[in-house]
Number of protein chains: 2
Amino acid sequence: MPAEFALIERYFSALGTLRTDVAIGVGDDGAVLLPPPGQDLIAVVDTLVAGVHFPPDSAPRSVGHRALAVNLSDIAAMGGSPAWSLLAITLPTVDEVWLEEFAAGFGALARASGVQLVGGDTTSGPMSVTVQVLGFVPAGLRLLRSGGRPGDLLFVSGTPGDAACGLTLEQGKLQTPSSQAERILRDRFLFPTPRVALGEGLGGLASACIDVSDGLYADVAKLAMRSDCAAHLELTRLPCSPQLAQCVDAAEARRFTLTGGDDYELCFTVPPSRSAQLDQLAHAVGVSCTQIGCLTAGSGVTVTEQGTVIEFSHSGYEHFGG
Amino acid sequence: MPAEFALIERYFSALGTLRTDVAIGVGDDGAVLLPPPGQDLIAVVDTLVAGVHFPPDSAPRSVGHRALAVNLSDIAAMGGSPAWSLLAITLPTVDEVWLEEFAAGFGALARASGVQLVGGDTTSGPMSVTVQVLGFVPAGLRLLRSGGRPGDLLFVSGTPGDAACGLTLEQGKLQTPSSQAERILRDRFLFPTPRVALGEGLGGLASACIDVSDGLYADVAKLAMRSDCAAHLELTRLPCSPQLAQCVDAAEARRFTLTGGDDYELCFTVPPSRSAQLDQLAHAVGVSCTQIGCLTAGSGVTVTEQGTVIEFSHSGYEHFGG
């Protein structure tokens, strides 16, 4: 690699929590890690490409945060606890200010999540960031997309749609009179909160789970298909943040909620007998979980408004520029 | 992601060996893996960027092979046995012929190495490939760069320099009358053989190890620095393949051997008392290992020719275009 890229390594030599189950971290040909006995290992990977997953002029602190967050969200969707991360970063030039901010964003979320950066690779080329996260789940308790059964209740955490609206604001394609609402929505895109504690609690409680990265409707469709069920979504049950309601009218808010991507909320199914247990969990972790529908026998996604079937054809969200 | 990218997934849904320690592979939010008890986990990651690590018009079968090989080489350098892999691939367009060939190259090496592809991510953007490999090493037996001691003998596997000469041939910057030598050298660049079985055997035998990716001289310097030793390299001991000797004169061959990159051989140190054991291992795994020098107290790398110190200033190799 070009010599100046060696400089980069100092930004990434000690990010996140210092964990006792890391025998060898950054700096050798590979990391040596000590998996805990009695746990299964979860492995996820996600790439963010400049101009596809984030605007090329995005705040680097946000890019660092999101590169880790999207992976933590996948770990959460599997019911896992994140532990270790590897970072492969490709940059056209070495910009120390950019790197410092990127590392700050990545590092803050890593510390908050108990994750240690244990290895990586730095290369020159068009900007992209690939992060791998490894985590654990008690043996056999992993959550899959495929575990839903007819009769299960369908839930979503938080208020999906905020991030897509935030990106639209970020791009200057939407105006809002409330600067406070604008700031909150932009931050929902720039600094999404992966639902790690919720995911950990859903193991052994939820029957199926997926994270909402491509839009609620599209991700519900994936969960239903993999569970070999039909999904019913009731529009009047969809959660909507006060900020989203302040920025756009009700129809537009609904469009953001159903088709907007990049929220990194969890969408999951729970047998009715366990819904009280879910209430307790949601309260304990401080994350709102809204029942938005249910699974039935059959296939596909049916959208209703107060019980009346609505035509809904938008199948998903395509990332910024993608 | 753009809808057509979903097509890609079928190329990557079942690559490599089908392992019994994979509970959930490709297709959910993450993979669920069952680490064996009594083993430490090794995690490595490497990115190949088109135009930096390989010519943009490289044969896709070679790109698939190399993307996995460079990571298997890192696992080998840690003394580990590879098991699981994740693949993050970024492509400007969906070219099914390219993808099929890439998958064939990746898959063949994965099968030969006992590795299963368990997850990944496909994104649109400038072409690059990031691969993570996870492997195991018996608890405490991992090899590091830092374990070398004064008096240890310095070895290298195979015949480094071949890959860099092969790339030069591939780029049309060099002519050779021997089409057979040319083919062999090009293949050493296009389809390097990671020294996995050798690395597995070196655990508990070698004192330090690094894989030769940036050039022998540069990688010896890293090993010596991390081991807090000086390294002595004796030029007359350097191995040279008959093909390299056929293509270039002795001085040029030496330059390739010392500074050429992308060989993915192992460079390692062994206490003199264990050199007979190394001979047995090299014979058992069918890989030549040549003693090229030794470690002493001090720092830096000294190059000698029949004992006379030679000035040598080239500090390393910069990848194609990098």
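User: How many salt bridges are there between chain B and chain A?

Analyst: The count between chain B and chain A is 4 salt bridges, where a salt bridge is a side-chain nitrogen of Lys or Arg within 4 Å of a carboxyl oxygen of Asp or Glu. D29(A) forms a salt bridge with R145(B), and the closest N and O atoms of that pair are 2.9 Å apart. Please keep in mind that this is a predicted model, in which local features need pLDDT of at least 70 and side-chain atom pairs count only at pLDDT 80 or more, while totals for chains, interfaces and linings use all residues. Residues are numbered from 1 along each chain as its sequence is written, chains are lettered from A and ligands numbered from 1 in the order in which they are written, and side-chain values use heavy atoms, with hydrogens and water left out.

User: And how many residue pairs are in polar contact between chain B and chain A?

Analyst: There are 12 residue pairs in polar contact between chain B and chain A, both residues being at pLDDT 80 or more. A polar contact is a pair of N or O atoms within 3.5 Å; within protein, one must be able to donate a hydrogen and the other to accept it, and residues adjacent in sequence count only if both atoms are side-chain atoms.

User: Which element gives the largest share of the side of chain B that touches chain A?

Analyst: That is β3(B), which supplies 10 residues, the largest share of that side. By class, the side of chain B that touches chain A has 28 nonpolar, 15 polar and 11 charged residues, with Ala, Val, Leu, Ile, Met, Phe, Trp, Tyr, Cys and Pro counted as nonpolar, Asp, Glu, Lys and Arg as charged, and the others, Gly among them, as polar.

User: What area do chain B and chain A bury between them?

Analyst: Chain B and chain A bury about 4100 Å² between them, with 57% of it on carbon and sulfur atoms; buried area is the accessible area (1.4 Å probe) that two parts lose on being put together, summed over both. In chain B, the residues that lose the most area to chain A are D28(B), D29(B) and L41(B), together 16% of what that side buries. The contact takes 54 residues from chain B and 54 residues from chain A, contact meaning heavy atoms within 4.5 Å.

User: Switching to the sheets, in what order do the strands with β5(A) run?

Analyst: An open sheet of 6 strands runs β5(A)-β4(A)-β6(A)-β3(A)-β2(B)-β1(B), with mixed pairing. Strands (E, at least two residues) and helices (H or I, at least four) are DSSP runs numbered from the N terminus, and two strands pair if DSSP finds at least two bridges between them.

User: Why is one side of β5 of chain A left without a neighbour in the sheet?

Analyst: β5 (116-124) of chain A and β1 (22-24) of chain B stand at the edges, each with a single partner strand, so one side of each has no neighbour in the sheet. Neighbouring strands of this sheet are turned by 20° against each other on average, direction ignored; axes are lines fitted to C-alpha atoms, for helices over the stretch in contact, and angles run from 0 to 180 degrees between N-to-C directions.

User: How many bridges join β3 of chain A to β2(B)?

Analyst: There are 3 bridges between strand β3 (residues 39-49) of chain A and β2(B), which run antiparallel, and A43(A) stands opposite A31(B). Another 2 bridges join β1(B) to β2(B), also antiparallel, with I24(B) having V32(B) as its bridge partner.

User: Where does helix α2 of chain A lie?

Analyst: Helix α2 (residues 96-112) of chain A lies across β4, β5 and β6 of chain A, running at about 165° to β4(A). R61(A) and E101(A) meet in a salt bridge (3.0 Å, N to O), and since R61(A) lies in helix α1 of chain A and E101(A) in helix α2 of chain A, the pair ties together parts that are 40 residues apart in sequence.
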